[in-house]
Amino acid sequence: MWEKIKEFASEFFVTGDPLIYGADVTIVLTLIAIVSGLTYFKKWKWLWREWLTTVDHKKIGIMYILAAFLMLFRGGVDALLMRAQLAMPELNFLPPDHYNQIFTTHGVIMILFMAMPFMFGLFNIMVPLQLGARDVAYPFLNSLSFWLFFSGAMLFNLSFVIGGSPDAGWLAYPPYSGTMYNPGVGQDFYIWGIQISGLGSLMTGINFLVTILKMRAPGMKLMKMPMFSWSVLSSCIAIIFSFPILTATLALLFLDRYAGAHFFTLDGGGNPMMYINLIWMWGHPEVYIIVLPAFGIFSEIVSTFSKKKLFGYKSMVWAMMIISVLSFLVWAHHFFTMGSGADVNAFFALTTMLIAIPTGVKVFNWLFTMFRGRITFETPMLWTIGFIPCFIVGGLTGVLLSVAPADFQFHNSYFLVAHFHQVIIGGVVFGYFAGLYYWWPKMFGFTLNERIGKWAFWFWNIGFYCCFMPQYVLGLMGMTRRVVTYSWDKGWWELNLVSTIGAVLMAIAFLFQVWQIVDGFKHQAKNRDTTGDPWNGRTLEWSIPSPAPVYNFAVLPNVSRQDEWWEQKQSAGAHQTIKQKLEPIHMPKNSGVPIVMSAFWFIAGFGFIFDWTGFIYTGLAGVVGCLLYHSFNYDTDYYIPVDEIERTEAAIRKVNI
Amino acid sequence: MAESQTSEQILQAHAHDEHHGHPDMEEVRTFGFWIYLMTDVIIFGTLFATYIVLQQNTDGGPGPADLFQMGGIITSTFILLASSYTCGLALLSMHKHNVKGLISWLAVTAGLGAIFIGMEIAEFNHLVHEGATIGTSAFLSAFFTLVGTHGLHVLFGLVWMIALIIQLAKRGITPVTKRKVNVISLFWHFLDVVWIFVFTVVYLMGVS
Amino acid sequence: MVPSNSHQTPEGHGSFKSYTIGFFCSIILTLIPITVVMNDWLEGTWNSVVLMTAAVLQLMVQLLFFMHLREENKPRYNLISLVLGLVILLVIVAGSMWIMLYNMVAV
């Protein structure tokens, strides 16, 4: 009996690597600390009522961003491990199979479990406030989306200590990701982790599309909407039409592995190239999904800190809409080398180059907005200014890659690695940081230390160029993506060492950011944002107190112009409160169903991964049960009475004065 | 008709009164469901693309012409078409505030859906007995996945419809149950449309 | 569509007549391709063209008579999203066919 358990455990848990034992210990210790802390301070009920079951978009947004930061840490550690292995030639720091796992999880986590939740967090916190709405269109669904993402992310991360990590690259190309070459459970963790969180992403896409189209404040025509909301709309369109492709494609890969189907296998008539074709139909729109909201954030910040109306509002809107549709027409540029004919490659090279045009329009709009503006250099604006040159270089190397014949040289080299890191870090990550710094006072009600923020900014930027510029050269010198090591005689080691130093600088920058946040919470009483409008903002979110009360707007605003709040401040003097009759506010009730249903999804996913039918049935039955329970529950909302609104508003004002 | 119009107006006005200054939430929910249907269009589109690309890859195994028994398929097609019609009749009853009619037409729709599912299970059973399983060839993998996904949707719709019938019996026609009936009827017509394309692309083109 | 706004469009939900017409149209549009295929009337491209035309027409019938797409209020988000969805559907199917079936040099 004991032998059997031991045998099972050695299969079930990942063994034999000090890194992983370290992770095991850390996980157990952290869990014990969290559980005992919550019990000691009697916070369980508070946690359940205020956070786990909340349907308030502002709290859900904060949870998303917290999760994204944790994932940024994990993905960043992966990156440092890789850079450590590549710092010098012929190192044996990570064995090849472990190295494969690390670059796989680094990619998946950074795109799907860091960038996506960070983006959804910003959506959640800001879109309803910018639109003058009380909540998103479907608050229940919103909570469900978050918990599905969370379940998926936890499932994926579990593979590090249980069963083994996936190792077939961030897009898991077959046949290597099929059972023939990858019989372990790692790829199943990959499939179910992404599948479950992907459901959440899809629902968030629907939720915010409908919120933007149907929930805007009275008078806010689409063409008067803040630019960030426009960018969210364009991103949601791409989510709605691309994430289903991911769901279907991963389901097919799962059937290959689980049911012995032959979609992408080498035998039985399967065709692995079909997977590559399908996954990039999602994969390419995906990168635009994450970068479009960053464009929106930059537009808001540029306009606010230049004290000028955004230049070329209409062209900006059109550029984003065109990008979001064009992003569906370029996918084959990821596999020019697959063996398609000249017609296909020429077509997709052309569409890829076309996308550079609307992107260029946007860059000029930002520059013209700054032109002759009264620019101030707070951290959000710094990130924006850091972004522009970085993204231009990243975009231009992208145009180089889009030249199909040249791509045969660049394909899967470090040139490509440098390119996509430059657009994703320089575009997406810088953008979300800018957004986080910009909206932080609105989220938490206090401002952050600018000095530490500037240190973080400079470390990030210098680290970035130091890390990735050498990689372009390395790519041209012939260093290929995903190599675990290289020999001395290649002549690559100097540049690789510089690159590793850059990675370390970025890690230090991250520490600065953590310090900045901890420092902010410590001194929050001193730095309270009493005005609700610390940057002299232009859009509606700055017209309400920070942090926003649960119902956001005591009286729904009436909008008649772009930059409504700015115009109000210009015409009537700041902070004029218009006396309006309060009415009871209709609000959604908290619900425990989302977290419970997501837990059942987790159980079902775990069952599918290990092929434990008991888990599968329990999980799926639980999911259906939760759906039915929710369908039969008609007691889903309540009213906040007028006197309570009055009391809340008075309390906020008292603190504020 | 005129009378039902006025009572409906009152209902509408009342619903509007409740959400003063807000968009009509039931309308917003119906719209969201429409967007969900668009995502489903893409899921089926991906499965169709896969089927079309892989359908020639029978790996020496049986092809469409060897396997499909068109009699049963044609029957089940007409059953699904009829269920789409009865679902429309259920909606008509609802707009006449006829709860009984609404529930019975929904029940007929669900019954027809159940027959459709039964026939599909029988067909799959037959294929498996012929030795044509999901693991036989790429063609059959794609076939079972495409047709099976549609079947799963119908099954899901069935469970949902039964749940809705119970709610209607308990609560009658309210703005909320009304929206739910509208939404499920959209779903049901949508599944009918998908089936028409499955029928055309997989079966008719397969045997011709 | 969006039946909850029906009080603005009196015929918003269709009538018994329109549902029945739709039903008959869809039956006829199903019978045509069945007859064509079962009697082997057409071959190759023409066969596919006739079958797909019948299917697309039936899609229109369902959208107009059963899903009431015509009766949507402005702005017509339902129609816009449907058109966009169908375009992308076409991109997925036609694009895959083009890349995977008709333009491979390395088969």
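**Figure 1. C:His68 lies in the loop that runs between α2 and α3 of chain C.** The model shown here and in the other views is predicted. At C:His68 the backbone angle phi is near 55°, a positive value in a residue that is not glycine. Most residues other than glycine have a negative phi. Is C:His68 buried or exposed? The relative accessible area of C:His68 is 5%, and a residue counts as buried when this value is under 20%. C:His68 is therefore buried.

**Figure 2. A:Arg372 has a positive phi although it is not a glycine.** The value of phi at A:Arg372 is about 60°. This residue belongs to the loop between α11 (342–370) and α12 (379–402) of chain A. With a relative accessible area of 75%, A:Arg372 is exposed, because the cut-off for exposed is over 50%.

**Figure 3. A cis peptide bond joins A:Pro174 and A:Pro175.** Omega of this bond is about 0°. Most peptide bonds are trans. Where in chain A is A:Pro175? A:Pro175 sits in the loop between α6 (139–158) and α7 (186–214) of chain A.

**Figure 4. A:Ser546 and A:Pro547 are joined by a cis peptide bond.** For this bond omega is about -15°. A:Pro547 is part of the loop between α16 (493–522) and α17 (564–572) of chain A.

**Figure 5. Chain C meets chain B through 49 residues of chain C and 47 residues of chain B.** These residues are in contact across the interface. The size of an interface is often given as the accessible area lost when the parts come together. For chain C and chain B, the area buried between them is about 4200 Å². Carbon and sulfur atoms account for 79% of that area.

**Figure 6. Polar contacts link chain C and chain B.**

**Figure 7. Helices α1 (16–38), α2 (44–66) and α3 (77–102) of chain C each give two or more residues to the side of chain C that touches chain B.** Which element gives the most to this side? It is α3(C), with 13 residues. By residue type, the side of chain C that touches chain B has 31 nonpolar and 18 polar residues, and no charged ones.

Notes. Residues numbered from 1 in each chain as written. Chains lettered and ligands numbered in written order. Predicted model: local features only at pLDDT ≥ 70, side-chain atom pairs only at ≥ 80, totals over all residues. Heavy atoms only, no water. Contact = heavy atoms within 4.5 Å. Buried area = accessible area lost by both parts, 1.4 Å probe. Polar contact = N/O pair within 3.5 Å; in protein donor to acceptor, adjacent residues only side chain to side chain. Helix = DSSP H or I, 4+ residues; strand = E, 2+ residues; numbered from the N terminus. Nonpolar A, V, L, I, M, F, W, Y, C, P; charged D, E, K, R; others polar. Buried < 20%, exposed > 50% of the residue type's maximum accessible area, 1.4 Å probe, protein only.
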